[in-house]
Every structure is written in structure tokens, then in C-alpha cells.
Amino acid sequence: MARPPRIWISNETPAPGEVVRVRAQVVHVMESGFRVDAEGQPIPEDLLTGFTAMLDDALLMEWLPETAISQNPYIEFTFAARHSGRLRMVWSDGSGVADEAEREIRVG
Amino acid sequence: MTSYVSDMRRRRLLAGGAAVAGLAACGLWATAARAQASLAMPQPDSAEADRIAAEFTGGAEPLAEGLALDLPALGDNPAAVPVRVHVTEPMTEASWCEEIILIADLNPKPLACRFRFTAATGSADVAVRLRLIQSMPIRAYARMNDGRLLAVRQEITVAAGGCGL
Amino acid sequence: MKIRRRTLLSAAPGLALGGALAGISPALAAPAALTGDTVLKPRSGRAPRIVICGGGWGGLTAARYLKAELPDAEVILLERNPFFWSAPFSNKWLIDVVDTGFLVHDMQRPANRYGYTLVQCEVTGIERDRKIVRTSKGNVDYDFLILSGGIRDAWDVWFGDDQAAIDHTRTHYASAYIPQGQMLGLKDRIRSFQGGTIVMTLPPPPHRCPPSPYERACLMAWHFKTNNIPARIVILDPKPQAAPIGEGYRTAFRELYPDIITHVPNARVKEVDPFNKRIMTEAGDFDFDDAIFMPPHQAAEMVFHADLIGTDAEGRPTGWADMHPRLYHANSDDSVYIVGDSMGAISPHFGHYPKSAHVANYIAKIVAKNIGERVRGQEVVARLPDNLCYMLVNGDPREAISVEFTYELGPDDLVHQTQIDIDVRTPDLMEEDFGWINGMFDDFVRV
């Protein structure tokens, strides 16, 4: 089954300056590097290491998860909607871009 | 029917009996996925968390107000304990939060994550889910663009069970 | 088609001739009265006979997959209801996300398609020493027996032997967690509610479909909100907080239904007075105008009939089947399998598998394989299920949350559970839910 990022946005057409809340969750194993397999061999660390949220060219938020972040990482953040634009979210891990999602924000 | 049933009973003894009596011997678990063991060990105390905090604050004493931490009374699922942290004062284009760090004191790696913001964010309010190896203190530190440091700390009790670390 | 027409043509003139009637004359004899010795289905030949008690998600799935596994076996499915009513999606049906036809399915057509025998009857007793199931239509003997009866409402835990209180509560405040007719009454009660307080109890864990009472509260609240009905829903939860998908639910309660839903944690039921509409809990006493009462859930009556209920460390009955946690047969009788919600504890790490339709369907397939392996004299392979639930929390837009469980065998030879809550409510999860249930219906009941 396809598992796209789950995105919830409090209001995609906010008033100018309105604080918009974003919730996003992706499926990622978040292998801690502490575990060993049945043969006692260590399972290599595989962590989501970065998340960025941009509104057009402006960086809104950067998140740097470590091992304590749960499997299928959940991130919630807010931003003040000062102008319309494309909200672009990118999740990255050791192998590069792990997931991405975009939503249009229309300030009216 | 009679001959079938007795025949089947004998076979059942062979198959079912062996299955129940000698699990390893007959390779019963061949296709069942095996959960991996973990070498994750909790920190013995908050020393490593203190070190991370000092690195963030540069040794300065943070303000005990202005940063809020929301945790459940009980982390019923230690693999995903919801944690929200936010700066309580309004963010403006002149005064805003640059960075927040979240620390789970006794996790094998206490630094849980960093959040970085910009003047464009207009807010500093984030929530994540943590996996916690045991009950422990959770703390957060924030650095404002004017150099102010804020801190908050709270204990959390987590239910028994695998945290997935 | 051609043959049938020819039969009709040749039979029709035959009606005029007395001799032609001889072939169907037994139908004219009076039906025999049922006695303790009446045989429901005599054996024909030496094929293994597998009797399945309960034609829900587990039983219907087991019947289909047993015939696939053992085409020569005689598979007999005993079910008390005349048609299948899906409990999954019935909360959504309460607010018309789907119509009745989506939930209700004929069971005869899948029986015909897959080649098993469906008998509508009540299971009245199980004699394991004689390998016989007693039913309202006679006795049926088995080589293997699958008990897939779901749950019973343990009203006696609340009311002891006070039959008047049990009857009043059952007839006025039923939860419809055992679907069929109760669902219609529940929908009528919600639709005709004009305002006031509805209390809802959750059973102590383990119980059927753990996240679904909160879904029901959300969808009822959505109905009241959109129809401007001044209703308040009080969820009396014995747990310290809503779970699973607790965060998704807490967010929905707070953001979507702040004036309607009150979630009361640690509200273990102490006493219920259904006549004076009052319930006493460890978190306080509550008066109500209407109620949806879930007493403790236990294994279906048939597991009690079969004397297969487990006991805890203190020797008290657990209310659930005493069974092998990875081979799914009774610990005391390996010819009897338990499938679905009646199943007992699986692992000290997490207790029971979630009592869900998904797990019942999954375990039924595993048990069909295991019985096939045994009949063929092959090595029995232990297999573990997974679980998946989608829960609708908003009626417009239709936003759902979900929880997944995966299982692995640990180095301690015990089953370990990983739980993944998807807290973010989104319309795409509702779309996936439709994909899930359509796949399921096509798997075991819709032909």
C-alpha cells in the first residue's frame, strides 16, 4: 500500500498574519542502530535526519531528528501566514530525500 | 470414516504433537518474523543531558519562564510519547526564536531533536513523538535572536513495554 | 442453462402423472421433531470434517480458505443470523457514510461459490469428548472444530443475577457491539435524540475493536453538531487515557467537538441504575438521558459451552479462551481452534491481539493453513498476523486516523508488538479505509 506523507493544515486559506498549524507524518523505520538481528549482527542505523518546511523561498522551519524520535515521525509546527505561496515539505535521511509534499497556501 | 479418522489421528499426533512438544526441533518458527534484540541502554544519570544543555547555553543560566512543555500524565505507549514545546511570547520579525532543543535525559542518546526557525516563521510551536526507554525528565531549551535563553523541565512516567529503540 | 430448461420441459408433463411425483414425495412427509439424537449432517465418505461455529469475519474466512486448502474436506459453517452484518463500518453507517446494503451481505452465495455448507442454527452445546456440536437443528460431529463466535456482553459482571436490570439495560441501552438488529435500534436512538446527556461506557481491556468507541463518539458528535442538537456525550473510560491513537482522538475531541464530547479517564464502573438513569464510577457519578452501555466483553458463549475458558494465576476465569498463542488451538484440545475476538492472551508483552475484524480474518487464514498442514501430515508452521484499523473522526471533510500493529517473535520466543498510530487526520486515510474494507468483503463474503 502506498503510504504518502499525511498532511493536515488548520487553514489553507488563512487571513493575513494568521497562525497556521501544520501536522505531518511519514512512514520511516527510524532504525536506532542499537538493535541486533537474530544472528546477533547489529542492524545499521537508518534514521530520518532532516525535515524542512519552506513557504516559496522562505525557510519556515528545520527539524533535525535523532534516535529518540518515534518510528513514522510526526512533526507539528506553526507559522504566521504573511503571504500566499507554496508550502513545501521535504524529509531526508541518510539515503537522500525520503519524502516530500506540497500544499498551496492562499492568504486572503 | 472410521479408518480415515484413526489415520488422521495418528498423523495429528505426529504433526501437532511434535509442534507443541519440541518447537525448536521441528523448525516451527521458520516463517515467523523474529523481533530483534536491542543493545540500547539507558543513561545512568542526567550527566550527558547536562553536557548537551551546557553546550547549547554556553554555560549561561537560562530563564525559567517563557518556554512551555506539554507532556501527557502517563506515556501509555513508550514508543510514541507526544511532546509539545512552544515559546509563549509572540514572535515578531524583530524578536523571534532561533532554535529549540529537546532532551530526553536518560535515553541512550539524550538529544532528541533540534528545531530551527527564522524571522519568517512568526511562531515557535512544535510537537513530536518520542520513544522513551524508561520514565525520566524531559527538558527543552530555546535561544532567542536577542541571545536570551529559556528552559523548561518536566518528569514523565511511561508505561512498561517496548519503546522500539 | 440448457439442461435446466430441458428438466423443466420434461418435468412439467410429468406433473399430470402420479408416478413422476414419487421422486419428490419425501418433501410431503411431516418434518421430524428434533431430539437429542437428531443428526444435522450425516457423514458421507471419509473426507475430513471441519465444523466452524460462527459466520462472522473469522468463520466466513476460515470456511473459504479451508475449502481452498483442503478441496475434499467437508466444511460446515454454523451461523445463527440469516445474513452477514459487518461491524466494521457500522459506526460510519450511523451517519450515512455508507448505506445498509454496504454492510449487509448474503452468506449463501459465498458458501455456494467456495463449496462449503452453511447451516443457519444456534449452537447449543459442545461435547468435546464425543467431538459433537449440538445445535438447534441437530448434532454435528467433527474432526476439527473452529470456534469463531466473537464476544458476549457480560452483563452479569455488572448486575449479577438481577435479570430485570440486565433485560432493561440490554433492551434500552445496547451498544450494538454484537451487530445485526441492535444496530438498527441504535441508529434510531441517535437520530431521534433531541438533546441532553448520553453516557457511553468502554469495557475494561481487552475488548472488541479498541479504538472504535471513540470513533462512534466522534461521529455521533458530528451528527449532533451539524444538526444543532444540544447533546453532550460523556465517554466513561476505565483506562487512564484514550488509546490507541490517543493523540489523534484527543485532538479531534478538543478541536472538533469541544462542547459535545467529555472524555472521563479512570472511570471504572462501580454500579449502574438503568431504571433511574444513573451510573456510578470511580471517577464520579453521572446522570444520563440516554446511554450506550458496553459491559465487560468476554469470549462468545460457545467457548464457555466447550469448557475452554482460561484461568489466571489466582485460578479465576479470564473470560477468554485458553489457547496456544502461536498455533491457535485450545491448550487442552488440539482439535479445537479459536479464531477472532474469543481468543485468549497471546504474549505477556502486550496481552491479547487487538479484537478486530482484520485479526479475525488473518488468524482464520492461518488456521486454515495449519489444519491443511495437519491433515496432509506436513510440518505445522506457526504464523503471526498483523492488524490495521482506520477510524473516522470528522464527518465533513471526512478525515480519518489509523493504527497499525505488527508482530514479531522475540529472542525470548514470545510475540512482540509494534504499534504505529497515525495521529494526523486526513481524507486520504478514509479513502484507504474504503480500499481496505472492499478488499476484505471481496475476500470472504462478497461474490
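Two strands pair if DSSP finds at least two bridges between them. Helices (H or I, at least four residues) and strands (E, at least two) are themselves DSSP runs, numbered from the N terminus. In β4(B), for example, A68(B) has H86(B) as its bridge partner. The strand β4 covers residues 81-87 of chain B and is joined to β2(B) by four bridges, the two strands running antiparallel.

The structure is a predicted model, in which local features need pLDDT of at least 70 and side-chain atom pairs count only at pLDDT 80 or more, while totals for chains, interfaces and linings use all residues. Residues are numbered from 1 along each chain as its sequence is written, chains are lettered from A and ligands numbered from 1 in the order in which they are written, and side-chain values use heavy atoms, with hydrogens and water left out.

Contact here means heavy atoms within 4.5 Å.

Now take the chains in turn. Chain A has zero helices and eight strands. Its C-alpha atoms fill a box of roughly 60 × 25 × 20 Å, taken along the principal axes. Of its 108 residues, 51% are buried, where buried means under 20% relative accessible area, exposed over 50% and partly exposed in between (1.4 Å probe, protein chains only). An unreviewed UniProt entry lists residues 13-102 of chain A as "domain: Sulphur oxidation protein SoxZ". UniProt positions are given in the numbering used here, feature names are shortened, and annotations may be inferred rather than shown by experiment. Over residues 13-102, chain A is 0% helix and 53% strand, and the end C-alpha atoms are 15 Å apart.

Chain B contains two helices and nine strands, in the order α-β-α-β-β-β-β-β-β-β-β from the N terminus on. Buried residues account for 50% of its 165 residues. Among the contacts in chain B with a separation of 6 or more, 67% are between residues 24 or more positions apart. One residue to look at is M136(B), in strand β8 (residues 136-144). Is M136(B) buried or exposed? M136(B) has a relative accessible area of 1% and is therefore buried. Leaving out residues up to four places away in sequence, M136(B) touches A104(B), D105(B), L106(B), N107(B), Q154(B), E155(B) and I156(B).

In chain C, an unreviewed UniProt entry places "domain: FAD/NAD(P)-binding" at residues 49-152. This stretch of chain C is 28% helix and 37% strand. Three strands of chain C form an open antiparallel sheet in the order β6-β7-β8. Its edge strands are β6 (123-127) and β8 (138-141), each pairing on one side only. The twist averages 20° from one strand to the next. Four bridges join β6(C) to the antiparallel strand β7 (residues 132-135), and in β7(C) the bridge partner of I126(C) is V133(C).

The last topic is aromatic rings. Rings of Phe, Tyr and Trp (its six-membered ring) pair if their centres lie within 6.5 Å; planes under 30 degrees apart count as stacked, over 60 as edge-to-face and the rest as tilted. By this rule there are 30 aromatic pairs over all chains. In one of them, F102(C) and F434(C) lie edge-to-face, at 6.0 Å centre to centre and 70° between the planes. This pair links distant parts of the chain, since F102(C) is in helix α5 (residues 100-103) and F434(C) in helix α14 (residues 427-444), 332 residues apart. F102(C) counts as buried because its relative accessibility is 14%. Ring pairs link both residues into a cluster whose members include W57(C), F84(C) and W436(C).

Conventions
Axes are lines fitted to C-alpha atoms, for helices over the stretch in contact, and angles run from 0 to 180 degrees between N-to-C directions.
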